Protein chains: 4
Amino acid sequence: MFGIFGSPDAAGMTYYGLHSMQHRGQEGCGIVTADDSGRLCCIKGEGLVHEVFDESRISRLKGSMAIGHVRYATTGAGVIENVQPFMFRHGTGDFALAHNGNLVNYAQLRSRLESTGSLFQTSSDSEILAHLIKKVPDRRKQPRIYSLIEALQQIEGAFAFLVMTSNRIYACRDSNGLRPLSLGLLQNGGYVVASETCVFDVIGATFLRDVEPGEIVTIDRHGLRSNFFCEKCRHAMCAMEYVYFSRPDSDIEGRNVHSYRKESGKLLFDEAPADADIVVGVPDSSLSAAMGYAEASGLPYEMGLIKSKYVGRTFIAPSQELRDKGVRMKLSAVKSVVKDKRVVLIDDSIVRGTTSMRIVRMLREAGASQVHVRIASAPLRFPCFYGVDIKSREELISAHHPVEEVRAMIGADSLCFLSEDGMKAAGCLSDLCLACFDGKYPTALHGANNKIIKRSLCAEL
Amino acid sequence: MFGIFGSPDAAGMTYYGLHSMQHRGQEGCGIVTADDSGRLCCIKGEGLVHEVFDESRISRLKGSMAIGHVRYATTGAGVIENVQPFMFRHGTGDFALAHNGNLVNYAQLRSRLESTGSLFQTSSDSEILAHLIKKVPDRRKQPRIYSLIEALQQIEGAFAFLVMTSNRIYACRDSNGLRPLSLGLLQNGGYVVASETCVFDVIGATFLRDVEPGEIVTIDRHGLRSNFFCEKCRHAMCAMEYVYFSRPDSDIEGRNVHSYRKESGKLLFDEAPADADIVVGVPDSSLSAAMGYAEASGLPYEMGLIKSKYVGRTFIAPSQELRDKGVRMKLSAVKSVVKDKRVVLIDDSIVRGTTSMRIVRMLREAGASQVHVRIASAPLRFPCFYGVDIKSREELISAHHPVEEVRAMIGADSLCFLSEDGMKAAGCLSDLCLACFDGKYPTALHGANNKIIKRSLCAEL
Amino acid sequence: MFGIFGSPDAAGMTYYGLHSMQHRGQEGCGIVTADDSGRLCCIKGEGLVHEVFDESRISRLKGSMAIGHVRYATTGAGVIENVQPFMFRHGTGDFALAHNGNLVNYAQLRSRLESTGSLFQTSSDSEILAHLIKKVPDRRKQPRIYSLIEALQQIEGAFAFLVMTSNRIYACRDSNGLRPLSLGLLQNGGYVVASETCVFDVIGATFLRDVEPGEIVTIDRHGLRSNFFCEKCRHAMCAMEYVYFSRPDSDIEGRNVHSYRKESGKLLFDEAPADADIVVGVPDSSLSAAMGYAEASGLPYEMGLIKSKYVGRTFIAPSQELRDKGVRMKLSAVKSVVKDKRVVLIDDSIVRGTTSMRIVRMLREAGASQVHVRIASAPLRFPCFYGVDIKSREELISAHHPVEEVRAMIGADSLCFLSEDGMKAAGCLSDLCLACFDGKYPTALHGANNKIIKRSLCAEL
Amino acid sequence: MFGIFGSPDAAGMTYYGLHSMQHRGQEGCGIVTADDSGRLCCIKGEGLVHEVFDESRISRLKGSMAIGHVRYATTGAGVIENVQPFMFRHGTGDFALAHNGNLVNYAQLRSRLESTGSLFQTSSDSEILAHLIKKVPDRRKQPRIYSLIEALQQIEGAFAFLVMTSNRIYACRDSNGLRPLSLGLLQNGGYVVASETCVFDVIGATFLRDVEPGEIVTIDRHGLRSNFFCEKCRHAMCAMEYVYFSRPDSDIEGRNVHSYRKESGKLLFDEAPADADIVVGVPDSSLSAAMGYAEASGLPYEMGLIKSKYVGRTFIAPSQELRDKGVRMKLSAVKSVVKDKRVVLIDDSIVRGTTSMRIVRMLREAGASQVHVRIASAPLRFPCFYGVDIKSREELISAHHPVEEVRAMIGADSLCFLSEDGMKAAGCLSDLCLACFDGKYPTALHGANNKIIKRSLCAEL
């Protein structure tokens with residue numbers, strides 16, 4: 001999610017901004033600009049940023065204000081209608097909206113709205129905020145910010161929202177601060193708002209501050225203004241942003257992601273040393289933790305796994321038959337490096353265990369004499385309802401098997417996870433959301449979701 | 001506009017159906033199908049039917065029921081958001097909607113709906129019916145057909161609507177019958193509904209009957225049922241459907257279009273004979289009238305103008321400079337045919353006069369000694385508010401100039417139009433809508449439109 | 001085939017020129033330009049002209065001289081390597097070549113060239129001329145025109161060749177004049193050379209003269225020069241150019257194609273009148289003949305068959321199953337026109353008879369009471385070795401069946417063909433090539449071809 | 001370059017093979033297969049492997065034998081005509097050819113061939129071998145291998161050639177062994193030949209042996225056979241293959257590339273230690289050397305530079321204006337990592353110095369207090385005539401400036417290069433081609449090239 005205000009080339013900047021957050025979503029993307037006359041213009045499509053946009057399309061998006069979005073399908077269908085930003089035509093002014101996160105009381109709100117005649121065009125939970133804003137009674141007589149505050153107060157879950165009208169951008173963050181959202185300053189005095197700070201370096205902006213939990217930052221020609229839509233706020237940043245999701249050159253709530261990961265690798269060595277010859281990380285997200293482990297252990301850090309940099313979405317994946325014959329495109333083990341070596345393999349997490357199993361086997365086939373797996377986070381045992389794509393407990397190998405069983409299933413010589421305390425210590429943070437590790441959800445869960453979690457909790461007992 | 005019920009290959013049939021109505025709109029097109037579980041699936045895009053759809057896309061549209069639409073931009077922006085059918089997600093069942101025509105009280109209705117919280121996603125007048133249906137109070141307790149009747153009663157203008165739910169298609173036509181809509185029967189007992197009957201021949205269906213003005217035909221597994229949403233109905237079919245818009249192999253309200261045009265050519269000769277050597281029609285829509293004129297006059301009918309059949313939307317149009325140098329892609333005069341001949345040129349209508357001027361000049365450059373222009377309809381003097389793209393009176397040369405001045409402007413040796421009586425006689429019809437010829441609009445015009453027409457009428461006096 | 005010399009926008013003009021000859025080949029197309037420094041630049045691809053070229057590609061083709069080609073696959077594989085023009089890199093100067101027609105001693109020449117080390121990159125017969133030019137001994141000491149003359153003298157068959165060097169275009173035509181090639185004059189004094197004269201009207205050029213059989217016209221900054229590479233020449237223009245291949249607005253050897261066809265329709269009535277109500281032509285190539293027949297007979301000429309103008313190459317063709325169910329995209333009969341009528345159906349030729357059979361059946365299904373088929377050319381009984389795609393006698397229904405049997409097979413009430421004398425009389429020409437009708441080939445046939453023809457002739461006896 | 005013999009899915013395997021050598025060329029690529037009847041089929045295009053090929057195209061390439069090529073434009077124009085493999089049609093059997101490297105006596109050979117009538121279709125030096133093979137006299141009477149040997153004996157330079165006929169693949173390597181070429185064994189007994197061994201892991205083959213300098217390996221249904229086309233051979237592998245060009249998981253002449261690079265980093269520390277806080281490598285090719293330097297020095301290895309993994313060829317590059325404003329897409333410095341640190345920056349080479357300058361500046365702007373640049377190869381001072389894209393001495397900063405000047409120009413606090421002895425020691429190799437470092441070319445240079453090098457050497461004195 002990216003927004004910009006006061007840049008002569010707003011669409012181009014948004015393009016670069018979205019591009020540097022491409023890792024957050026590859027399903028689709030879109031940009032809405034508002035030109036000087038306040039007219040909104042929207043282009044979106046399925047695919048990567050550079051597939052959806054080219055120079056001619058960017059040049060059709062005129063104006064000094066824009067919001068953009070890259071889509072990461074958390075709900076089933078990756079269809080075009082759910083690609084954001086959403087744009088709404090309204091007699092009091094058109095507006096556009098982009099959302100990162102997941103709402104937990106979405107079904108209840110939608111049902112209530114429909115019963116009074118609201119019509120939805122998508123199956124996305126993100127559309128709901130727009131309807132809530134417009135349903136607030138007497139909205140013509142009060143400033144729009146009050147409608148927005150009232151609407152946000154009805155929503156529960158994890159979110160960062162950008163709402164753009166013809167002359168203003170509103171940037172909002174949920175009261176638990178589960179999803180990141182940061183403000184930056186352009187050289188020319190304009191403003192940027194983005195899900196990750198790495199964007200600021202890319203487009204030449206400087207980091208200003210994070211949007212606070214429960215805050216609405218209004219950006220317009222008067223500069224920045226702040227409102228809070230809720231009184232009780234806390235900092236419970238999603239731990240997976242550090243572990244896996246964000247780019248290593250981003251800072252989240254003041255903590256650099258690469259540094260967090262490297263530190264987690266060091267702590268992982270302290271908690272679980274291994275008698276081995278070399279340290280190998282799974283590219284790309286586990287390399288920092290592997291460096292930390294290597295440094296703490298004094299073992300050499302080696303490039304024992306190579307990830308092809310040209311494997312993209314449009315690539316023809318080898319058929320099962322070809323895979324059985326040994327065709328491996330994405331990741332390959334470097335024989336000359338791992339042959340006859342005892343390898344410590346560092347990965348960021350284990351979800352279903354299938355990937356770990358495959359990598360361990362690959363290393364053994366390449367000649368590794370032992371493979372000791374070390375995971376730079378705790379075992380994943382609970383589903384996430386806040387937008388990280390870990391659907392149900394059924395898929396989580398650690399929800400059903402103790403560590404020793406998991407070790408046997410993936411075929412490793414030893415297996416250890418970083419403790420939850422270690423995860424917090426790596427960031428010097430006391431208030432991470434660790435719900436997918438410990439099941440302590442920071443919000444109510446409502447309706448349908450409760451069923452899943454209840455079933456999960458029952459199974460737990 | 002096309003709908004089909006009860007065909008195992010509904011999407012494919014819709015593809016062929018839309019394709020054979022391509023002449024009704026080249027801006028964009030879309031298809032929505034409902035599969036056996038009642039799930040709606042939609043694909044649409046900008047461009048011609050064969051550009052938007054290929055086999056893989058058609059195969060993704062599963063189900064035995066479908067509606068489709070080709071878009072002809074009557075309002076400015078040809079943007080993708082306005083390409084139909086529109087699809088709506090709703091707790092009581094998703095539904096889709098396609099519309100042919102133009103609503104005259106659209107602005108009033110939209111403003112009223114927005115003031116009670118409705119959110120529009122397009123700038124199209126067609127979206128309004130969906131909101132009206134859902135705004136009808138207590139709609140859950142009564143059958144959906146009542147909501148539809150109530151909604152249609154609020155709408156004024158020219159329309160044919162198709163509404164598809166998970167198990168049913170509703171086909172509706174306005175109370176003046178301004179836009180055509182016909183029912184056909186598939187060989188397997190399924191039903192088809194289409195704007196033009198030529199579709200039935202193409203897909204192997206047989207013509208059943210027209211949807212009546214003011215009628216709602218419900219098509220579902222019980223067969224056809226009929227409701228009327230209004231009591232006073234009349235047959236005032238748009239004359240331009242005969243003159244220009246429809247395909248010659250379609251029948252409109254029982255009258256074949258080619259036959260209508262040929263008859264209009266004969267009557268045109270009766271009203272306005274010309275002393276000439278050959279008769280030439282402007283391809284493609286004026287060929288039938290030219291045949292009729294030739295037959296009545298005994299003059300040879302010749303191919304004096306050739307239209308390139310490969311000129312499509314994606315073609316690079318010659319620049320003004322190249323046009324000045326003589327580059328003409330679309331239409332060319334056949335020198336060997338028209339050289340030293342007195343030509344009767346038959347065209348279907350004159351809008352701004354620029355095309356006629358160009359063709360007359362082209363014929364003279366190719367050696368024609370005289371060019372007598374005969375138009376197989378009356379002079380266009382009033383704008384259409386019902387969906388035919390004749391924007392304002394400013395553009396209509398006949399609104400501001402008597403016939404003799406028009407003749408001089410287009411450079412013809414003589415110029416005659418068919419009379420309004422002739423237009424009716426050609427179809428044996430007493431109840432055509434001739435509003436763009438005589439200014440007698442069959443509905444109220446409401447708000448903004450009134451201004452245009454008032455200005456026009458003032459200029460008239 | 002198209003060439004242009006001395007136009008500031010040579011590539012653009014070639015684009016329009018090729019586009020207006022699109023009917024001569026839809027497989028692929030290409031353009032080679034020579035810029036002011038003499039550098040040749042080539043772009044080609046599979047598909048229609050407007051699919052292969054867009055504005056950016058045309059703008060990359062700089063220079064005031066160009067040749068272009070549209071490919072019509074006479075030999076099996078429609079592969080990209082065979083799309084022309086061909087470009088050759090050579091130390092004495094690069095050159096490009098385009099060819100229309102078919103060479104009969106190609107296999108012998110190629111075998112001879114390969115045995116002395118020549119390497120071919122395509123399977124096309126058109127490449128041979130380039131190798132022959134470069135194989136002429138001592139070619140560096142004599143002007144290039146002598147190499148060209150010597151090379152052309154070795155080739156037998158039907159051809160029109162364009163050869164472009166860095167500063168010159170050579171336009172050549174075979175000694176029997178089987179393929180057309182005409183010269184035109186641009187308004188700015190530049191020259192155009194094209195397979196059909198309709199091109200001249202399109203790009204604003206005026207017809208100058210035809211290239212003569214056996215002539216090489218050299219076009220460069222000195223203007224036009226003429227050489228003849230053979231002494232005994234005759235005019236034996238391919239009859240199918242008049243009957244089917246060329247556009248009606250082209251003139252071939254001074255005779256307009258539409259006029260030829262209309263006259264052939266009149267003569268056809270004289271030879272074979274029919275007792276009927278209406279005359280219907282098969283669109284598009286038989287409309288002129290139908291007009292002639294109608295005019296001579298006094299019967300009304302009606303639009304009883306409609307061809308969809310949006311059916312293109314990329315269209316999804318209905319499956320056999322759908323066709324059996326009645327889906328017909330390309331051509332449909334107009335029920336209201338043909339119902340209860342005795343129809344004279346005019347077509348240009350019958351090849352395998354399947355299309356005729358289908359159209360007759362379609363007319364009957366649409367209600368025609370009788371269908372009298374009249375063909376505006378003689379029965380096709382022999383294969384063409386000169387570039388028209390009539391492969392073998394096996395496919396030609398008239399090669400194996402007398403007229404009465406053919407009539408029964410296509411299901412017509414009566415069937416008549418125009419006589420060969422009628423074909424000549426329509427053009428006031430004594431010297432058409434009628435080889436595919438009468439088996440009298442104007443050249444030797446050589447090797448493999450002889451076998452086919454011999455087998456055919458045996459079967460004949 | 002990739003070849004495969006005896007695989008049921010030859011085209012698919014070639015696709016994966018080329019894909020894993022994508023780093024060797026991104027301009028274009030092609031595949032030629034030979035099907036069971038010996039018919040060759042070729043598809044090629046401009047762009048990346050996954051852009052040129054999709055499943056439908058791969059499935060059209062039938063047969064159990066294939067060769068493929070990725071193009072890396074060493075000569076100016078990246079035009080489609082120069083994309084390999086080249087295919088030749090010939091009476092004695094079609095054949096295809098792919099080439100990696102650069103020929104130094106190309107101009108002389110081509111001129112000689114053209115003077116006896118050979119026609120070239122490309123401006124590539126690779127086409128020459130095909131013509132030489134076919135020019136060998138009496139070639140029909142002797143086995144084809146003799147023609148190939150005679151042809152190869154005339155060629156000088158760096159090359160690996162694959163020649164495929166209807167039933168056989170020939171794999172050849174130049175007599176100095178400048179370009180790599182290795183043989184692998186498929187699980188089903190078939191053979192693979194590839195420029196890099198990383199391919200074998202990817203497609204599940206095992207490394208067999210390298211093709212020797214001066215060797216022709218014939219692969220057909222009889223298995224492998226070996227011929228030598230020259231008697232005096234040596235091993236002078238291009239050093240840049242180790243330093244920059246090859247993938248880290250490839251082995252070249254028995255030495256793993258990652259291990260070579262890591263060792264070179266260690267030796268670089270021995271030769272040029274730096275007083276610093278962290279070691280940072282330039283991604284991707286310098287990461288191994290950086291690991292080695294860090295390990296030898298005991299300094300932490302940090303991710304101080306991030307390369308965006310989504311930057312591809314089709315990406316919109318920021319304009320100069322945007323770059324000046326700070327937009328940086330490809331590489332960014334991680335502020336939190338380098339801030340207030342003394343950084344050792346490891347790169348693999350310095351060509352023009354502009355990239356190094358930009359990275360040093362970027363690190364300083366991100367807060368690095370000192371930047372010590374260490375290059376894991378010697379200074380580049382001479383052009384390469386063997387296929388590595390280092391065009392002329394003019395571009396090589398180290399050809400004109402001593403190390404201290406270069407240091408000042410790139411703005412580093414210190415700058416050291418690895419010695420040539422160090423380069424050899426890293427690989428335990430005595431016989432690398434180090435021509436671009438020391439000017440000692442292993443072959444004669446011929447004509448035009450000599451001029452460049454002479455000018456260079458003069459400037460040197």
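Me: Helices (H or I, at least four residues) and strands (E, at least two) are DSSP runs, numbered from the N terminus. With that in hand, where is D:Asp340?
Reply: D:Asp340 sits in the loop between helix 12 (335-338) and strand 20 (342-347) of chain D. Before we go on, this is a predicted model, where local features need pLDDT of at least 70, side-chain atom pairs count only at pLDDT 80 or more, and totals for chains, interfaces and linings use all residues. Residues are numbered from 1 along each chain as its sequence is written, while chains are lettered from A and ligands numbered from 1 in the order in which they are written.

Me: Ok! What is the phi of D:Asp340 like?
Reply: Phi is near 60° there, a positive value in a residue that is not glycine. In general, most residues other than glycine have a negative phi, and most peptide bonds are trans.

Me: Is D:Asp340 buried or exposed?
Reply: D:Asp340 is exposed, because it has 8 C-beta neighbours inside 10 Å. The cut-offs are these: buried takes 20 or more other C-beta atoms within 10 Å of the residue's own, exposed takes 12 or fewer, and partly exposed is in between, with C-beta atoms placed from the backbone.

Me: What about C:Glu253, what is its phi?
Reply: C:Glu253 has a positive phi of about 45°, although it is not a glycine. You'll find C:Glu253 in the loop between strand 15 (251-252) and strand 16 (255-256) of chain C. C:Glu253 counts as partly exposed, because 16 other C-beta atoms lie within 10 Å.

Me: Switching topic: which residues does a cis peptide bond join in chain A?
Reply: In chain A, the cis bond joins A:Gln84 and A:Pro85, with omega about -5°. A:Pro85 belongs to the loop between strand 4 (65-71) and strand 5 (86-88) of chain A.

Me: And in chain D, which residues are joined by a cis bond?
Reply: There a cis peptide bond links D:Gln84 and D:Pro85, and omega is about 0°. D:Pro85 is in the loop between strand 4 (65-71) and strand 5 (86-88) of chain D.

Me: Now helix 10 of chain B. How many of its residues are buried?
Reply: Ten of the eleven residues of helix 10 (287-297) are buried, so the helix is mostly covered. Among them are B:Leu287, B:Met291 and B:Tyr293.

Me: What do those buried residues pack against?
Reply: They pack against helix 9 (257-271), strand 17 (278-281), strand 20 (342-347) and strand 21 (370-375) of chain B. Just after helix 10 of chain B comes B:Gly298, with a positive phi of about 80°.

Me: How many residues of chain B are in contact with chain C?
Reply: 49 residues of chain B contact 49 residues of chain C. A contact means that the C-beta atoms of two residues, placed from the backbone, lie within 7 Å. On the side of chain B that touches chain C, helix 1 of chain B gives the most, with four residues. By class, that side has 21 nonpolar, 17 polar and eleven charged residues. Here Ala, Val, Leu, Ile, Met, Phe, Trp, Tyr, Cys and Pro count as nonpolar, Asp, Glu, Lys and Arg as charged, and the others, Gly among them, as polar.

Me: What rotation superposes chain B on chain C?
Reply: A rotation of 180° with 0.0 Å of shift along its axis does it, at an RMSD of 0.1 Å. That is the relation of a two-fold axis.

Me: Which residue of chain B comes closest to the rotation axis?
Reply: B:Lys309 does, with its C-alpha at 3.5 Å. Also, 100% of the interface residues of chain B are interface residues in chain C too, so the copies meet through the same surface.

Me: How many residues of chain D are in contact with chain A?
Reply: 49 residues of chain D are in contact with 50 residues of chain A. Helix 1 (10-19) of chain D gives the largest share of the chain D side, four residues.

Me: How far apart are the nearest C-alpha atoms of chain A and chain C?
Reply: They are 12 Å apart, and these two chains do not touch. Chain B and chain D have no contact either, and their closest C-alpha atoms lie 13 Å apart.

Notes: Copies are superposed by least squares on the C-alpha atoms of residues with pLDDT of at least 70 in both.
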